[in-house]
Amino acid sequence: MLRRVPWRGVFSVLAVLATLMVLTSCASGEEFPQTTIDPAGEAAEEIQSVYTLVWWLSAVVFVLVEGALIFILFRYRGGKKRPNERPAPIHGNVRLEIIWTIIPAIILVVILVPTLRGIVTLSETKTGPDVFRVDVYGQQFFWQFEYPDLIKPDGTPVVTTGTMNIPVDRRVEIRLHSRDVIHSFWVPRLAGKTDVVPGNVNHMWLEADTAGTYQGQCAEFCGLSHANMRFQVNAMAADQFNQWMNSQVSASNASGGGGGETDLVAQGKQIVETVCSACHTVAGTSANGTVGPELSHFTTIPTIAGVLENNKENLRKWLENPPAVKPGTAMPNLNLSQEQIDALVAYLYTLK
Ligand code: CUA
């Protein structure tokens, strides 16, 4: 009676398997900078090990269950030989029911053990000389990084915007602070997500195995430019990192401008001290606002406002009308004249 070949089932199985193969074969970190399945550090590997285990267990269960289903569909289908055959009306099978209760329970225990181990490992706080500490500040819509162990001559910690600089192969202990709403700090190749909650300091750690740049992203909807709230983690080899630290804490480099200013640069500095100072800080000037990103090392910030590549053309575009570039930004259109923009561009690019 029933003689349908389960082609739909067969095709569904093949389609799912093909999709999984495609997804798992092409997710390298170079090609997909925000992939979670190409971990580059211990914390991310801890998460990935649980994911891999669950993936393979699921794959085995999937193949067995779908295989049994397809087998039964073929084996017990109707046909010319058995036109009106009906199955015997049986009910209950204690042995079968015990087996299919115990097997999933065992699978869940197998998943539970490494999951608990991962939770404990990832929530541990470490201290000591090997640990590098960073205070991360999330704010609509950018990230600022303060290094409590790197103190400048004026007694304040070194600050970077948009890029978190860390040494390679060293544990980085991170304290997460929010200056407004809930954000979520996420560097997919280095660690899991952790919420950044106003009024509460959250903790996490990460470690990078190899030097390089890792993409980060705010992972909690926080307003219009949530998707633009990106950042980078720059993991440096020990000597390169020491060089960076020294350049940051040395007095000569802590301020922008310096001697030999052109008129345009001097004019730009004056605009920064009068107009921009309400929101931005530039070391060595009277600009000390904290609403917006610190600009002391403007040229080292990888992006403008986290949205545009940092170059002169994009800086002009930004200054002409910030909300047009980044919806929801706290920086209003200041209606700067072309001359003012020229001066600001000239000055900001002297900030190394
Ligand atoms: Cu910050 Cu989304």
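Before you click, note that the model is predicted, so local features need pLDDT of at least 70 and side-chain atom pairs count only at pLDDT 80 or more, while totals for chains, interfaces and linings use all residues. Residues are numbered from 1 along each chain as its sequence is written, and side-chain values use heavy atoms, with hydrogens and water left out.

**Stop one: the sheet.** Select the 5 strands of the open, mixed sheet, which run in the order E3-E2-E1-E5-E8. Strands here are DSSP runs of E, at least two residues long, and helices are runs of H or I, at least four, numbered from the N terminus. Two strands pair if DSSP finds at least two bridges between them. At the edges sit E3 (157-161) and E8 (202-206), each pairing on one side only. The twist averages 25° from one strand to the next, with axes fitted to C-alpha atoms and angles from 0 to 180 degrees between N-to-C directions.

Now zoom in on E1 (residues 132-139) and E2 (residues 142-151): they run antiparallel, joined by 5 bridges. Pick Asp135 and you'll find its bridge partner, Glu146, in E2.

**Stop two: Thr194.** Jump to strand E7 (residues 194-196), where Thr194 sits. Its relative accessible area is 17%, so Thr194 is buried (under 20%, with exposed over 50% and partly exposed in between; 1.4 Å probe, protein chains only). Beyond its neighbours within four places in sequence, its contacts (heavy atoms within 4.5 Å) include Leu176, Phe185 and Met204.

**Stop three: Tyr347.** Tyr347 counts as buried because its relative accessibility is 0%. Show Leu264 too: it lies 83 residues from Tyr347 in sequence, but 7.3 Å away in space, C-alpha to C-alpha.
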